[in-house]
Amino acid sequence: MKVSYNWLSTMVDVLPNAKTLAERLDMTGTAVDDLSSIGASLDGIVVGHILERRRHPNADTLWVTTVDVGRHNQDEDGQNQPLQIVCGAQNFKAGDKVPVALVGSVVPTGQRIKKSKLRGVESCGMNCSVSELGLGTDAAGIMILPDDAEVGMPLAQHLRTSDTILDLEITPNRPDCMSMLGIAREVGAILERPYHLGRKITTPPTADSVENYVRVTIADPGRCRRYTARVIKGVRIGPSPPWLAERVTAAGTRSINNIVDVTNYIMYELGQPLHAFDLNTLVKDEQGRVHIVVRAAEEGEAFTTLDGVDRALSSDMTVIVDGNANNGAGVPIALAGVMGGLDSEVTDTTVDILLESATFDSGHTSRTSRSLQLFSEASARYERGVDDATCDEFSARAAALMAEVSNGSVCAGVVDTYPAPRVIPRLRLHTERLQRFVGADIAPEDSVAILRRLGCVVTKAGEKDTVFWVVPPSYRPDLEREIDLYEEVLRVWGMERVVPTLPGGEGRVGRRSAKQRTLDRIGSTLRALGLNETMTYAFAATDDQERLGMPWATGTVPVELLNPINSEQAVMRASIIPGLLRSVAYNQNRGVANVHLYELGTVFLGVPTQKLPTERQVLATVLAGSWTRPGWNMSASLLDFFDVKALIENLARELGITKLAFEPLDAEAAPWLQAGQAACVKAGSNMLGWLGQLHPLAVAAFGAEPAVLAFELEVEALLSAACDRRAYQDVSAFPAVELDLAIVVDESVSAEEALSVTKAAGGALLQEVHLFDVFRDIEKIGPDKKSLALSLSYRAQDRTLTLSEVEKLQARVVRKLSGSLGATLRS
Amino acid sequence: MVSIEDIASEKDAALQRIAAASSSTELDSVRVAVLGKKGTLTQLLRNMAAIPASEKASVGRAINATKAAVEQTLEDKAQALKAAELIERTQAQAVDVSLPGRTLPLGSQHLISRITAEIIEVFHGIGYRVAEGSEADTDYYNFTALNTPADHPARGLQDTFYLRDLSGDTASIAGESDAQLRPQTSGVQVHTMENEKPPIYILAPGRVYRRDVADPSHLPQFTQIEGLVVDSGITFGDLKGTLEYFCREVFGPDRRTRFRPHFFPFTEPSAEVDVSCGICNGAGCRFCGGTGWLEILGCGMVDPNVFAYVDIDPEVYSGFAFGLGVERIACLKYDIPDLRMLLAGDMRFLRQF
């Protein structure tokens with residue numbers, strides 16, 4: 001809420017300067033978002049006196065003026081010299097006092113004033129209009145100041161608009177602070193100063209009773225605790241007097257006309273939203289009375305709000321209805337608590353006013369605003385809660401002020417329908433408990449004094465000096481429980497005075513869970529292997545999966561956002577790969593070819609009939625380019641399938657995952673991968689995920705350049721396959737016998753098959769098989785054949801193996817390879 | 001006939017040749033020439049037979065002494081040559097030590113997870129465990145059980161992302177939904193209080209979502225760490241002490257903190273916590289907007305209404321909760337000019353940490 005320091009200083013005695021006030025507000029629960037000085041926007045604009053006005057020699061519509069600006073323009077001898085200013089306005093004459101923007105100043109519209117030539121004549125400044133100064137909308141001519149304005153005086157000083165605006169953050173629990181009166185009360189309480197309303201406004205009412213013009217029915221008191229109506233007759237709609245226009249402007253709204261400005265002024269001053277209807281647009285019954293009905297809107301009921309938008313209402317919304325209209329069926333004239341209607345709005349021809357001052361329910365108002373995305377100053381106040389106790393008193397002040405500024409007359413009395421006054425609770429305050437809760441010795445008398453300053457009525461409850469009854473004021477609906485009183489006492493007494501301690505509870509141990517330890521180990525292993533951790537958006541474009549070529553898991557659908565920020569982020573991601581591919585493209589576009597990224601994050605899968613999506617933790621990696629740039633002592637080969645495979649092998653080793661197996665995936669099973677460089681990875685029968693080279697079309701679909709290698713692994717599967725335990729094996733003291741073996745097999749035989757046959761045939765003594773070469777040559781080996789070179793290491797735990805023993809085993813290996821795989825020995 | 005003089009001159013000659021040898025190879029050939037099968041000294045020994053018996057003993061001693069001396073000299077010379085040759089060899093292997101080392105592609109941790117881990121570590125030290133929860137949750141856990149029922153004015157404060165509710169339920173407010181991306185990790189606290197008995201000392205880190213358009217100082221997804229303590233006799237002073245400890249650990253021992261009363265539906269009383277600006281040390285500068293303070297977290301005493309939702313007796317237990325944005329800490333500690341860099345995956349950015 002914007003608070004004018006000048007305005008506030010008329011309501012609180014001996015206000016400290018704005019900065020000190022802001023600090024104190026900050027430390028007692030009212031955050032000051034901004035302090036701005038209004039006069040500052042008029043810096044460099046001064047009162048000028050037009051000495052002479054001549055026709056521009058080259059332009060019929062322009063004038064060349066000579067303007068005295070006092071000491072703001074002096075010659076070398078220090079003598080004041082008038083300025084020559086070219087001016088296009090027609091509404092002035094020589095001798096007028098006008099606002100002059102000096103060279104170098106910036107007028108509130110943002111225009112910087114420079115020395116310039118207009119049609120060949122030099123101009124050293126600008127004579128300003130009201131709209132150029134941001135003081136109104138009148139742009140027709142320059143602003144004419146009173147004759148007694150002092151030449152050379154800064155305009156802000158002349159207009160007395162020098163003010164400081166405090167932009168306060170009013171928390172949702174403080175409806176009472178949504179007004180100048182509330183802020184004055186709050187400042188009074190925290191500074192221990194008296195506060196009061198501005199000047200008294202009284203207009204003697206006419207003998208004509210309001211009862212002759214209006215009756216009110218509240219159909220549902222749950223939606224409206226109180227509705228008051230007053231009638232002001234014979235108003236003349238026109239501009240507001242300057243003080244009123246200034247105040248509503250300072251509060252952050254536009255000055256519209258005298259009647260509307262009064263409704264806004266009273267709302268800012270007292271916190272009571274008001275609405276002025278043009279009484280004569282409403283239908284009168286035979287006795288000449290209009291009938292105001294407050295009721296639930298009908299489902300789908302149509303209504304055009306003040307802003308000209310046609311809206312379809314729902315039954316949760318509340319409407320004010322012109323009860324006699326439509327042959328007594330009624331027509332909505334306002335959306336209760338949110339906005340008035342177009343048809344009954346106050347216009348230039350309005351003569352009689354029906355003034356509404358009511359208390360609408362906060363829940364209905366809040367939901368209505370959110371449903372229609374229609375937020376107003378009124379709804380902001382009703383949402384938080386408007387005090388029903390002062391509804392009538394504040395309406396009386398508004399009516400009197402309306403009559404004053406519009407030459408109208410207030411009808412006697414008020415139609416006050418008040419079916420449901422809010423029950424104000426009586427709370428018990430235990431000051432000892434308060435001390436224990438805060439951990440500070442706040443004296444009981446201090447607590448009582450603070451609550452009294454805040455408007456509570458505090459009385460002793462029984463004999464003890466530490467228990468009290470507290471009745472909060474009607475404007476503090478947030479004080480409902482004893483704990484709410486603790487907060488009030490603490491914030492005013494001073495949080496800074498509480499001595500810091502640490503909780504003394506025993507027997508707690510802070511540690512990572514087994515899962516968190518494993519996740520940390522996954523991260524540290526991947527980083528040691530050269531991957532950089534990243535984070536990408538959890539949002540995705542609707543067609544990301546399609547662009548990637550990755551089908552939806554059976555039985556799942558995209559997780560749609562109802563209110564996405566943009567179409568590129570309209571759903572939740574089902575895979576991390578699109579986000580990582582965008583990062584690959586981002587890097588490649590900036591000349592970074594070597595990209596090694598991993599992300600451990602959540603993917604989301606919608607399941608029909610299930611309220612919340614299924615979330616899965618996924619570990620994903622992309623690799624592009626080489627591991628390093630070529631160095632002076634090393635070359636840099638391009639990354640390929642076996643780099644990404646090695647990452648998984650190393651990770652599995654670190655996590656203690658045994659029975660790791662890679663099985664090829666065909667194009668049908670993994671269309672997002674390049675056929676022939678695609679595999680799934682398993683731990684035993686447990687599927688961990690997939691790896692491979694991403695399909696060039698998928699890579700290109702995200703603006704990246706192939707080749708990009710990737711894997712995506714299920715974290716849950718990794719965690720369940722991981723094993724902390726390691727089985728110790730004796731390290732043999734005896735030497736190994738190493739024998740090499742080169743076999744020729746068909747292309748269709750996989751390395752995995754060759755290795756497993758070898759291991760099975762070699763038995764327990766074959767400790768290690770190392771594949772060290774794959775060789776193809778049509779001439780030497782033949783078509784569709786390849787040679788695999790294996791190094792077999794035999795070792796026993798208890799003795800040195802003899803060569804003949806080993807040769808026997810080796811012969812069995814060769815036999816089995818030949819028998820199972822059709823392998824032949826390569827000579 | 002071998003005379004003592006012959007032996008002496010042979011010794012002199014041998015020692016001269018040894019001294020003259022300039023390499024291990026040359027020395028080896030000297031060794032062969034003197035002590036080899038056909039070596040000069042060996043020849044002398046072979047001729048011993050011709051020496052009269054009376055002289056045999058003395059000549060034999062002389063030859064043996066000479067042989068020993070030659071062998072010793074050879075050995076010494078070999079050692080010296082070896083040492084010299086080692087020096088020569090190592091000198092030849094000298095490198096320009098300023099050349100870069102052989103690159104190993106060591107990776108880096110993302111700034112946000114690095115800071116998260118650091119903060120978790122601080123709280124492990126004072127007895128907190130980490131609790132986790134899902135990123136999508138229902139309205140009940142995101143708002144209602146946090147004392148923010150449907151009509152609460154605070155509902156308008158946070159712009160929540162709504163997901164299509166596939167269960168067929170519809171929300172009472174048009175455009176809203178019961179299925180939401182969590183706007184804070186507080187739901188984890190509710191789940192924890194439902195499932196565990198006090199004492200509870202937990203930290204809930206995780207990704208949260210608010211409907212802010214990404215710009216240098218906003219992201220629609222960011223990382224939050226919330227803490228919750230529920231125990232008997234917990235005071236507001238305990239909350240202050242805990243967060244002051246945290247701020248000193250994370251920002252440094254010289255930093256001060258201040259508590260400004262605020263409002264959060266979940267806590268009562270509530271406060272925002274500022275840490276003194278590290279650039280101007282509280283005097284006010286551009287970095288802190290002239291206030292001398294940087295806002296870092298929100299906190300408060302758990303509202304009794306929240307305890308009521310999870311069936312914890314507020315007459316027996318009290319507690320506090322706090323929440324901070326990791327991205328905000330990252331900005332304050334590392335002066336990151338644009339938060340979007342955290343989500344771009346730029347290798348040049350990631351590898352700085």
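Reader: In which loop of chain A does Thr609(A) lie?
Author: First, a heads-up: this is a predicted model, so to speak of local features takes pLDDT of at least 70, side-chain atom pairs count only at pLDDT 80 or more, and totals for chains, interfaces and linings use all residues; side-chain values use heavy atoms, with hydrogens and water left out. Residues are numbered from 1 along each chain as its sequence is written, while chains are lettered from A and ligands numbered from 1 in the order in which they are written. Thr609(A) isn't a glycine, yet has a positive phi of about 75 degrees. With helices (H or I, at least four residues) and strands (E, at least two) taken as DSSP runs numbered from the N terminus, Thr609(A) sits in the loop between strand E30 (595–605) and strand E31 (614–624) of chain A.

Reader: In E18(A), which residue is the bridge partner of Val319(A)?
Author: Start with the open sheet of five strands, ordered E11-E14-E17-E18-E19 in chain A with mixed pairing (two strands pair if DSSP finds at least two bridges between them). Its edge strands, each pairing on one side only, are E11 (214–218) and E19 (339–340) of chain A. Strands E17 (318–322) and E18 (331–335) of chain A run antiparallel and are joined by four bridges. Follow Val319(A) across to E18(A) and you land on Leu335(A).

Reader: Between which domains does the second largest pocket lie, and why?
Author: A pocket or cavity is found on a 1 Å grid over the protein atoms alone: a cavity is a set of points where a 1.4 Å probe fits but cannot get out, a pocket is an open set with protein on both sides within 12 Å along at least five of seven lines, and lining residues have an atom within 4 Å of a point. Among the 42 residues lining the second largest pocket, Lys645(A), Glu649(A), Phe662(A), Glu752(A) and Leu755(A) lie nearest its centre. Domain bounds come from an automatic or database domain assignment. Since both give residues to the lining, the second largest pocket lies between domain 5 (514–721) and domain 6 (737–825) of chain A.

Reader: Which element gives the largest share of the lining of the second largest pocket?
Author: The second largest pocket has a volume of about 1,800 Å³ (the space filled by probe spheres set on grid points joined across faces, edges and corners). Elements that each supply at least two lining residues include helix H19 (751–762) and strand E33 (673–683) of chain A. The largest share, seven residues, comes from H16(A).

Reader: What is the area buried between domain 1 and domain 4 of chain A?
Author: The C-alpha centres of these two domains of chain A lie 24 Å apart. Contact (heavy atoms within 4.5 Å) takes eight residues from domain 1 of chain A and seven residues from domain 4 of chain A. Buried area is the accessible area (1.4 Å probe) that two parts lose on being put together, summed over both. Carbon and sulfur atoms give 51% of the total between domain 1 and domain 4 of chain A, which is about 630 Å².

Reader: How much space lies in the largest cavity?
Author: There are six cavities of 30 Å³ or more in the structure. Gly29(A), Thr171(A), Asn173(A), Arg174(A) and Arg491(A) are nearest the centre of the largest one, which has 15 lining residues. Helix H12 (482–493) of chain A and strand E6 (257–264) of chain B each give two or more residues to that lining. The space in the largest cavity is about 120 Å³.
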